[in-house]
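Here is a short briefing on how the parts of one structure meet. Look first at where the chains touch, then at how one chain is divided.

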Amino acid sequence: MDRHSDRRNEFPPDAFEPVEPPSEAEPVSRRRFLTLAAASAALAATSACESPPADTIVPYTKKPTDVIPGVADYYASTYQEGQIPYGVLVKAREGRPIHIDGNDEHPFFNGKTSLRAQAEIIGLYNPDRLRQPVVEGRLATWKEAEARVTDALSKAAKGNESVLLLTPAVVSPTSRTVIAKLQKALPGLKHVAWEPALSLTDRAASRALYGHDRAPRYHLEKAKVVAALEADFLGTMENAVEAIAGFTRNRKPAKPSDAMSRLYCFESRMSVTGSKADVRVPMKPSGATHLAFAVARALHEEHGVPYPEGFAAEALDRFTLGGVSHRYGLDRATVASLVRDLAEARGDSLVLTGPSLPPEAHVAATLINTMLGAEGRTVETSFSADAPPLATPSEMAALTREVASGGYAAAIFWQTNPLYALPDAKAFREALARVPLSVSLVLSENETARACKVVLPVNHWLESWNDYEASTDLLSLQQPLIRPLYDTRQAEEILLAWAGALGAPVDGRVGGAAAGEADYRTYLMARWQREVYPAGTLATFEQFWTSAVHDGVLHREVKRRRSRRLDVHAVAGAAGKAGGKHEAVARAAEKSAYGGAPGAGVELLLEPDLRMWDGRYANIGWLQELPEPITKVSWGNYLSIAVDDAHERRLSDGDLVSVTVGTRSVTLPVLVQPGQATGTAFAALGHGREGSVSGGRGTNVFPLVADDGMPPFLHLEASLSRASGNQPLVRSQTEFSTHGRDIAPVWSLADYAKNAKPPKPDRSLPTLNPNVKWGDHKWGMAIDLSACLGCGGCQIACQSENNIPVVGPEQVARGRIMHWIRSDVYYAGPTDNPQVAHALMLCQQCDDAPCEPVCPVGATVHSKDGLNEQVYNRCVGVRYCSANCPYIVRRFNFFDYTSTITDPLDLAFNPEVTVRPRGVMEKCTFCVQRIRNGVQVAKDEDRPLRDGEIRPACAVACPAEAIVFGDLKDPNSRVSQLSRSNRGYKVLQDLGTRPAVTYMTELKNPPETPGKKRHV
Amino acid sequence: MSKTTEPPLSPAHTRKRSPRDGRSVSSSEDLPEALRVEPLVAGDATLGKLDDDIRYLSEAKPPRSWYVSLVVTSLMALMGFTAIGYMVSTGIGTMGNDIPVVWGFLIINFVFWVGIGHAGTLISVILLLFRQKWRNAISRTAEAVTVFAFVCAMMFPAVHIGRPWMPHWLFPYPNERHLWINFRSPLIWDVLAVFTYFSVSVMFWYLGLIPDFATMRSRVKNKVKGAVFRILSLGWVGNARQWIHYEKAYLLLAGLTTTLALSVHSIVSTDFASSMVPGWHMTIFPPYFVVGAAFSGFAGVVLVFAFIRTPLNLKSYITERHMDLLNKTVLFLSCLMAYAYLMEGFTAWFSANTFVRYIFANYVFGDQWWAGTLTIFFNCILPQLLWVPRFRRSVPIMVLVSGGVTLGMWLERYTIIILSLHRDYLPSSWGVYLPTPIDFAILFGSVGIFLTLLLLFLRKMPIIAGWEVKSDIARYNPPPSQPVGGLEAEHA
């Protein structure tokens, strides 16, 4: 993908004036000139922030020389979610951002990004976005709203009253200075940063062990052995993108003797990570801490791995492998093999503990990593930035009490939604009623904004400037892709304006400016010039800035930190606490007989949803409709319980149950999940938001988050009771058995050695069809199922690229989901711990495509370069092609699905792809628009096409690099090589359809001497 | 209908002609019982009385019950048209169609009505070629059933497509866009076969109607009606020259129609057989579909006659013997169906193909086991009642059996289409078909359309081929003064 930052955005009339002419003192090379021209364009584009929005858009009468209609531009930017600033590359067409990928110059993400970041295109064009301020429930002007707030703030400043500012994690150093500035002008300001989707138990452990809050970077690509304790690091944990990329690098052997990592997974629910585990052990989350300490002890006792200096070995005396295995029903040999593998890997290993586990579990995992020397290898903190301080649920509960006790003059909610995401939202609502002024800075109205007196619409991040501290040596820049669609302002600007109104000195033009005239870009640049721009650099600041904005990242020379030393006394303390605590739990467990009579307790695990995160994406239809990778549930959440528990309690899918923890109770439908550990239950956070898209779907389980201590996302004593009624789950797949069909094979490495042989030749079946002479190219795809985890990133990318409509829960339930690419899940083996196979399925672009001869009007035909083409204009919708497609990859427009797309959602459409009308068939095209474009570019430049130059949206997005696309006519292309792979196969090959997609058999790497129980 | 109202088995007339050879036979008392032939007309039917009985229907004011029935069926038809209108304006999604079950009730209904539409041809044409005289009295109505069933059937492919405003794109016609249809697609064969069959059926039906229109023209008093019948009868005067040409044309067209009757459902079956869907991809499909079509067609004709014989006072012309023969055919075809099902199942098992075996087991043991099971019950088991001679002449039994067969044949298409599609190769994509009220409204609407057309036909058109039955009357009830022979001799 070429990056042309020398294309302009959608401009105000004055944008074409050069803003910063190049310094004439310096000789300007052509290259430099272009860079500067680009910079001025970028600056000009964004200087729109100052001027009021133009009333009309006039088409070009004189075309700017560097805007080519129909040619996409790519801009680097940054998207923050939780504590992670994702470097992204945004594709824009004629000034409209239409597609988001990872920034390929970002060293963490290497061109990959999270599926939620990709879906943010819909966040930008969401019709629900507020278009102007709201005061006391009615539309108001900025002046009115600002006056209301600044009056109150001035009064508070004078009266030295408290003002609450609730924000998400502030990862931006410049935003931090903005808050600091406001703090200075308003001494009573109490800034609380809060991320409801983060449990912060790992932080508590880090503070105890090291006295600081630095989040390590995990290098899974270096790990030969990974043990995940209730840690869904490939799914719902923060920064799964980097983890997937690292982990899958060691999962694609080309021959049986190649190295492959081994993943042990001990977990209660069936997670994405568990589905890829080589050894998956279902166990109750309460056992994880014990297990981790027992593994540490066994490493020391049995394999002679030394404890950290000064550690009192007897602290772990009570944690024996035998005892732990017995208590939690684990297979002794499996645990022993984990210990052996860890000992052998010596540092090329990583033990990960999930956010739901108590801090003691994280301490134990850190102990193991430190003992093995993984610290500094797979766990790296040398450049970790200090994590932003965040409030835990119990601190939030304390804050609620504090607000309720009075004394707050105002409460400001900056893109936070406590009335949805606080466990005790009711108490907070009552407390908020006592605050004279409540202000919400939001994109679109949410539960909290509705309760606020002043609601100020803020810019979407695609309309904003900012910087982020990815690590101490890496800054990541955010630049706007489009002028604000509505009369909105960036939140930082609003705060700066308040600070200015309160009399704080503010840099540049902001200082003393009237409210609403603050310019955050100037402020940001001023700070960069002052603090980031290295003294003595040859480049001018403008050159430096332009280059940083262009790349989206800035590497800085900082000193590498020495490896940290853990506090051995804290470890011993945690072990003591864990031991005591778990003894008590175990005793309680015996008493209440887990999994016994209905009403008895279960261990309840909560985790943010892979798609909804903390609920902020609830109104993004793409994400609501994306089926969850394992359960294939779309539109809503569920309580997943074990098969035998369901049997015992006579519950089946969709039955409503009440989950009660303490005094709080939530009712949601049951999902009977194979692989869920007996006596445990799981529910995902982030559902049940109010809103035009999410309304009525899913259940908010934030009330079940513990706000009286650690860990917040785990309950050892939750009770389930049957509620009346049934709420059918909306699933895109309902059958999970292969019925013995050889469609998604899974091999162990030993099987691989035995079975490895190249796939059958294409012409293995007799055919009457002539052997087609392909043109210059023959497109093909190779999908490595060993790497694919079914996360759905490709599905969102495809949806964005190909204008795929969202059809809604009723249509999904009727089997009319429109995804062109889907990830099938098959279970095999025992229901208590099945083996999961993911099978990515998309149009196979068969050479002898069964869909083609049956179309009466010739609307689906074969191209010279091997594509199975669908001609929407010609299609009359007899649907015979779909009936005859053995892969069921064709999708039909049963209704006019695009009619629900309201202004301005249509701006998200990719203009290169036809929007399909009602009554026509559609399907994957291998992103034919990208193919044609790539071929044309190569032709224009008079050169042969490079391998990998053309990549469909799914391949670009796949964080596991499981999808490889290319030209099968070129025997040296990557796809050709992979298609000849000795673990390659074609789905339903014996039907003679001759697909162009080769799958690589999923591999598992179980230990060679497994225990009694083979998990693979 | 009780036995006693029927004329006695051996009529008073002493001289008869065997229907087969036309030669005189002695009175029934002279023959052993097994050799006695039941006459094809009953009672005191004479040539004049036939005209009076048949033409009366279109000349007299229909009874109130006819109007009531017509209102009911028209309302049903209206409901169907409304549902179709809603579906066309809103989308295929208003019906139960989904991925993977992309074909639903509309295709089932199409195949179902095409099947019903086979009765006319088979009765009229094939029995004509086989010189089965008992066809004469029933052929006209059977042909009408064919035409009306095809009117219903042909509606479905047009409205089932995703963009129903473009059905003409399925026809090969020169156009400025240089677009041509794909002749490899079975759907094109289907369109061509159905249209050919429909047009030939209409022609055949009309040709048979010409002498009867002429009779009506001669009898009618109303001037407007007279003008209409004059046009419709195409100047028929009934002279020998016209009869010679007419009979030749009729026979030739019958020969042509016969091949079409066999081909049309064979080709409809290729919609399925030439695909690669397990359960569809079977070589037995063409003959199996033709047999199935004939089966449902005969059952449909039995149902129609069972209901119209008494109210229209046709018992003299459509005798118990006719019903007996029709029911015998139904029984024979039922046995053929059973054989076809057995062979299909055997082929599925013998193929050793996982997918095909699964689908066939799924027909009778799967989540919708009732569809396959009821199909077998209604089509193969229930008709076995007809081995009992008494049952073949019992109206309740024949209505039960033929109604069952009609329902069973609809279910058979449901089984074939829905149950094959809903669980094919990749289990991940298995789904269900959940019919909506629109599905049922269109199904019952098509029944309404059919019945409305049939009711209009019964009262406005000659429902019995007068000129053919007259030859039977001439044979069985010769007027004393008139020599026998006539047409019979020409046929021979």
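In this predicted model, 43 residues of chain A are in contact with 39 residues of chain B. Which elements of chain A give two or more residues to the side that touches chain B? They are helix H26 (851-854), helix H27 (880-883) and strand S32 (891-892) of chain A.

**Chain A against chain B**
- H27(A) gives the largest share of the side of chain A that touches chain B: three residues.
- By class, that side of chain A has 20 nonpolar residues, 13 polar residues and 10 charged residues.

**Domains of chain A**
- Chain A is split into domain 1 (201-380), domain 2 (593-726) and domain 3 (746-762 + 774-1004).
- Taken over C-alpha atoms, the centres of domain 1 of chain A and domain 3 of chain A are 36 Å apart.

**Domain 1 against domain 3**
- Domain 1 of chain A puts 19 residues into this contact, and domain 3 of chain A puts in 22 residues.
- On the side of domain 1 of chain A that touches domain 3 of chain A, the elements that give two or more residues are helix H7 (240-249), helix H8 (272-276) and strand S11 (279-282) of chain A.
- H7(A) supplies the largest share of that side, four residues.
- Sorted by class, that side of domain 1 of chain A has 10 nonpolar, three polar and six charged residues.

Notes. Residues are numbered from 1 along each chain as its sequence is written. Chains are lettered from A and ligands numbered from 1 in the order in which they are written. This is a predicted model: local features need pLDDT of at least 70, side-chain atom pairs count only at pLDDT 80 or more; totals for chains, interfaces and linings use all residues. Domain bounds come from an automatic or database domain assignment. Two residues are in contact if their C-beta atoms, placed from the backbone, lie within 7 Å. Ala, Val, Leu, Ile, Met, Phe, Trp, Tyr, Cys and Pro count as nonpolar, Asp, Glu, Lys and Arg as charged, and the others, Gly among them, as polar.
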